[in-house]
Amino acid sequence: MIAIKKVAASALCACAGAIFYAPSAWALLPIQHWTEPNGAKVWLVESPVIPMVDVQVDFDGGSRRDPAEKSGLASAVALMASKGVKGGKEGQGAEPALDENALGEAWADLGAGFEAGADNDALRYSLRSLTDAPLLDRAARLAARQMAEPSWPADIWARERARWSASLREAATRPSTVAGEAFAAAVYGNHPYGQRTTPETLARISVDDMQRFHAQTVAACRARVSIVGAVNRTQAQELVAKLLGRLPASSGNCAPLPAVPEVEPLKAPAEQAIPFASAQAHVLIGQPGFPRRDPDFLALLVGNHILGGGGFVSRLTEEVREKRGLSYSVYSYFAGGLHAGAFTIGLQTRPDQAAQAVKVARDVVQRFVAEGPTEAELRAAKDNLIGGFALRIDSNKKLLGNVANIAWNDLPLDYLDHWTQKVEALTVADVRAAMARKLQPERMVTVVVGGKP
């Protein structure tokens with residue numbers, strides 16, 4: 001359980017599509033921020049209630065940096081972090097190489113956990129451990145080896161690539177996968193966000209490719225480290241030093257990475273009707289949205305809650321499900337990242353009702369963009385979002401996601417504390433204007449898989 005103190009403030013954070021809010025009587029513990037001598041940037045929230053610490057280390061090495069012909073490279077690098085580490089020396093003792101089984105046993109013995117993953121924007125590593133000094137020291141040193149010195153066993157990569165390829169082929173038999181891939185390609189065009197990982201792109205990824213990607217990406221000076229737990233600043237600095245101590249020194253490893261182009265706005269509407277033998281038609285409607293750092297974020301968050309993000313109380317649910325019975329569920333969301341993530345409306349319906357469901361959904365969006373919410377809808381959305389915060393920050397791990405969001409998106413350290421005032425200040429005109437700035441209903445992509453053209 002995290003430590004919370006009562007003050008006249010509140011909180012919100014969004015990370016990877018999840019939104020966290022705080023009632024006006026509460027605020028999170030202060031966030032400390034500093035830059036280490038090696039260039040790593042650190043964000044810390046001290047939470048001394050339980051003797052545990054959660055750490056997330058982010059690098060600018062997500063799939064947006066995959067070569068198109070080798071899509072999946074960043075995820076492959078993350079995957080191989082758990083498949084073995086090299087042997088070496090530390091101080092006076094030699095360290096044995098560890099294969100994937102030995103690594104699993106080592107973490108089980110420690111009662112700690114280490115994970116690696118990649119999304120569109122980031123390659124990230126996470127550690128969870130008790131703060132008992134000997135245990136945390138061993139956990140940090142083992143995590144450091146996995147981050148800095150994976151062994152890249154070629155036979156294991158061949159095995160994992162075969163498994164991954166088989167999973168992709170199986171997924172391609174599902175209408176939801178077909179719809180998602182067609183939608184991403186139409187919304188993002190040539191931008192890396194729209195790249196598709198296939199068995200063919202995986203076949204082109206070699207161990208050398210992963211080693212080069214890792215060397216270019218994973219350096220201490222590129223790290224953004226978020227920490228929540230029962231450690232103070234001095235202990236956090238010692239922990240960061242151990243975690244990053246095996247990574248290359250800053251010199252020669254921190255030249256600016258190549259710029260990634262922005263997502264181009266759609267110039268015209270696009271429609272795809274893809275035949276598929278399925279009981280339900282899968283429908284996706286949308287367009288490029290906005291980067292997470294966009295100043296309209298809160299207005300768009302509230303607006304989308306009313307439009308399609310609020311479940312059974314949203315306009316889309318009312319019009320598509322309640323009034324017409326066209327779909328059991330319908331939703332909308334913005335997926336902002338370092339670039340403009342997609343705005344997406346999704347639903348499933350009977351194939352013979354797909355055209356009607358698409359028309360109703362489009363009409364709802366067009367009317368909402370033109371008119372905005374009512375005062376009653378705005379008040380209900382604010383109350384719902386603010387009131388739902390307490391249950392979403394009840395653990396160090398959840399708070400870590402909020403802190404990492406602030407770190408990754410360069411948000412103010414007091415971002416959490418001033419959310420209530422900012423959201424309360426939003427007016428119907430603010431929400432309407434923000435939605436109108438970002439959404440162009442007349443230029444959206446529509447993909448229907450399984451329905452009739």
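Student: Which residue in S18 is the bridge partner of Phe334?
Tutor: Phe343 is the bridge partner of Phe334 in S18. This is a predicted model: local features need pLDDT of at least 70, side-chain atom pairs count only at pLDDT 80 or more, and totals for chains, interfaces and linings use all residues. Residues are numbered from 1 along each chain as its sequence is written, and side-chain values use heavy atoms, with hydrogens and water left out.

Student: How many bridges do S17 and S18 share, and in what sense do they pair?
Tutor: There are 5 bridges, antiparallel, between S17 and strand S18 (residues 342-349). Strands pair if DSSP finds at least two bridges between them. Strands are DSSP runs (E, at least two residues) and helices are too (H or I, at least four), numbered from the N terminus.

Student: Which residues of S17 are on the covered face?
Tutor: Val330, Ser332 and Phe334. Tyr331 and Tyr333 make up the uncovered face of S17 (residues 330-334).

Student: What does Leu307 touch?
Tutor: Leaving out residues up to four places away in sequence, its contacts (heavy atoms within 4.5 Å) include Ser332, Phe343, Val364, Phe368 and Met435.

Student: And the largest nonpolar core, how many residues does it have?
Tutor: It has 55 residues, and Val302, Leu307, Met435 and Leu439 have the most contacts inside it. Helix H11 (residues 354-371) gives the most to this core, 9 residues. Such a core is a set of buried Ala, Val, Leu, Ile, Met, Phe, Trp, Tyr and Cys residues joined through side-chain atoms within 4.5 Å. Buried means under 20% relative accessible area, with a 1.4 Å probe and protein chains only.

Student: Switching to helices. At what angle do H9 and H12 cross?
Tutor: Roughly 105 degrees, and the axes of H9 (residues 297-309) and H12 (residues 375-387) come within 10 Å. That makes H9 roughly perpendicular to H12, a label for angles of 65 to 115 degrees. Axes are lines fitted to C-alpha atoms, for helices over the stretch in contact, and angles run from 0 to 180 degrees between N-to-C directions.

Student: Which H9 residues meet H12?
Tutor: Val302, His305 and Ile306. On the H12 side are Glu377, Leu378, Ala381, Asn384 and Leu385.

Student: Last one: what is the strand order in the open sheet of 6 strands?
Tutor: S5-S6-S14-S7-S13-S12, with mixed pairing. The edge strands are S5 (32-35) and S12 (113-118).

Conventions
Parallel < 35°, antiparallel > 145°, perpendicular 65-115°, else oblique. Buried < 20%, exposed > 50% of the residue type's maximum accessible area, 1.4 Å probe, protein only.
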